Every structure is written in C-alpha cells, then in structure tokens.
Amino acid sequence: MFKPKTMRMRCTAITVLAGLVMFGAATIAGAQTDWLALCSKCVNPTIFSKSGIGTARAVAEARITRAEVQGWCANWQPDDKNCVKDQLAAEDLNKVYRATADCTAGRITPIDGKTYTLAGIWDNRDIGAGRSKWRDAAGKMVGRDNASGGLGISQQWEVLCPTSGKGAKAASAQPGHAQASRAAGAARQAAQSLPAAEFAVGQIVQARYGREWIRARVIQVRQVDGPRGPEISYDVSLENGKRGVVPARMLRAP
C-alpha cells in the first residue's frame with residue numbers, strides 16, 4: 001500500500017546502535033505525537049499542522065524534514081558520508097502528507113488517499129495486538145503485515161483520534177456505525193491499559209549505550225509491540241550523535 005522509494009528500502013522503525021534495543025515504532029494514543037507512518041521502510045514525515053483532533057473533522061499534515069533524514073542516516077548508515085545527501089535527493093521535502101478522519105464514525109483517509117472503516121482491534125496472536133484494524137472500500141480487511149500497511153493506518157488513527165471512544169455514542173446512534181463505535185471504544189481501552197509515560201518529550205535524560213550512560217534528549221514518546229504486548233518506548237537523540245528508540249529501563253534521570 002505505502003510503497004517506499006528505492007533509497008528508502010530499509011526499515012525506519014528506528015534502532016539504537018551498539019547495545020540499544022530495537023523495537024517497531026508506532027505512536028501511543030494520547031501521548032505527544034509529531035509524525036505520520038508513511039510505511040515501515042520509509043523516513044516518516046513530521047507533522048506541522050493538526051486541527052479538529054478527536055472530532056468528525058480531524059486533520060493532520062506532515063512533511064519529511066532534514067532532521068528526520070539525518071537521524072535515519074546516523075542510525076542506519078553512520079559510515080556513509082553521502083547518506084544525507086543521497087537521501088535528501090531521493091525525498092521531496094516540499095511534499096505534504098495529509099491524513100483525515102471522522103472519529104465519531106470510525107472512518108479514516110490516511111496519507112494514501114483511500115478511505116477505510118474501523119473493524120475492531122487485532123488479537124494478541126501477532127504484531128499489533130490491541131491496535132485498531134480496518135476494512136477498505138471493498139470490505140476487505142487490511143492486513144497488519146508491513147506490505148499491507150494496516151498498522152500504519154492504526155498509527156494515523158491514533159494521531160487523529162487519540163480519544164476515539166468519546167465519539168462512540170454519537171456514532172452508535174447512526175445506522176451502520178455500531179460496530180465502529182464498539183471498535184473505537186475497544187481501541188481506546190487498549191491504549192489506556194498502557195502504563196503512564198515516565199519521561200516527557202524534550203526532557204534531558206541519560207540513555208544506556210553499551211556499558212555507558214550517555215546524555216540524551218527525548219524526541220518522541222511511542223507505543224511499540226514489545227514481547228508482552230504494547231508498551232511505551234522513547235525516541236531519543238544522544239549527545240554522541242546517535243538516535244534510537246529504547247524502553248524506559250534503558251533511560252534514567254541525569
């Protein structure tokens with residue numbers, strides 16, 4: 001569904017090098033969010049405009065930034081001196097990625113421009129447990145695998161409708177929206193079952209890097225699929241120039 005460019009055919013669920021733990025990236029509902037999931041193998045665009053969040057007219061717009069490209073290169077190709085130049089040449093930094101949703105009716109039009117209907121939440125038998133699942137215009141379920149991109153839609157829904165359950169009652173009064181209402185409520189409950197974030201965006205912390213603790217800044221708070229289900233992790237930028245997503249146990253106050 002979301003197809004990467006040639007220069008972006010590597011996973012962008014950011015990983016910290018030399019001893020930091022790798023996780024798949026997805027934003028937690030209710031936490032500060034500033035990106036949209038373009039695809040699992042792409043540099044994700046940073047949000048620069050949001051409006052109507054949690055309503056029937058939720059909108060988010062994003063662009064790929066130089067900072068995101070630099071972070072991707074520092075993490076995945078730290079020895080490639082031409083990485084940033086090549087990636088910037090491959091990306092359109094002026095392109096606007098737009099996602100919209102009707103949070104009350106359980107409908108979303110993500111950045112691929114197609115419209116999907118909320119169809120419940122995923123079970124715990126695979127990646128994406130407890131995340132929202134979606135049907136396309138033909139009624140076909142969108143898979144949660146990387147190629148299908150279902151979890152990318154889930155991430156954008158969490159950005160646009162972080163408290164989607166609030167609109168469930170209004171939606172349930174409309175014919176055909178009862179299932180979407182229940183699904184929205186279930187997705188909200190799944191997000192609420194996560195522990196509270198221990199660190200905030202912008203906070204200065206120390207991150208475990210091999211055997212050392214390095215000064216770092218929290219860039220984003222994210223929900224990831226951990227070994228025991230959804231959990232909170234932190235996208236951090238290290239003082240030594242590295243960047244990655246780590247669990248709370250690998251961070252501490254300075």
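Guide: A disulfide is a pair of cysteine sulfur atoms within 2.5 Å. This is a predicted model.

Visitor: By that rule, how many disulfides?

Guide: The count comes to two. One joins C103 and C161, with sulfur atoms 1.9 Å apart.

Visitor: Where do C103 and C161 lie?

Guide: C103 is in the loop between β4 and β5 (107-109). C161 is in the loop between α3 and α4 (168-172), so the pair ties together parts 58 residues apart in sequence.

Visitor: Is C103 buried or exposed?

Guide: Buried, at 2% relative accessibility. C161 is buried too, with a relative accessible area of 2%.

Visitor: And which cysteines make the other one?

Guide: C73 and C83, their sulfur atoms 2.1 Å apart. C73 sits in helix α1 and C83 in helix α2, 10 residues apart.

Visitor: Left-handed or right-handed for C73 and C83?

Guide: The S-S torsion is about -80 degrees, so this disulfide is left-handed. The link of C103 and C161 is also left-handed, with -80 degrees about its S-S bond.

Visitor: New topic. How many residues are in the largest nonpolar core?

Guide: It has 29 residues. Among those with the most contacts inside it are L36, W134 and W157.

Visitor: Which element gives the most to this core?

Guide: Helix α3 does, with four residues. Elements that each supply at least two include β3 (58-63), β4 (97-102) and β6 (116-121).

Visitor: What does L36 touch?

Guide: Leaving aside residues up to four places away in sequence, its contacts include I47, Y97, I111 and V159.

Visitor: What's in the second core?

Guide: That separate core has 16 residues, including V205, V218, A248 and L251.

Note on methods
Residues numbered from 1 in each chain as written. Predicted model: local features only at pLDDT ≥ 70, side-chain atom pairs only at ≥ 80, totals over all residues. Heavy atoms only, no water. Core = buried A, V, L, I, M, F, W, Y, C linked by side-chain atoms within 4.5 Å. Buried < 20%, exposed > 50% of the residue type's maximum accessible area, 1.4 Å probe, protein only. Contact = heavy atoms within 4.5 Å.
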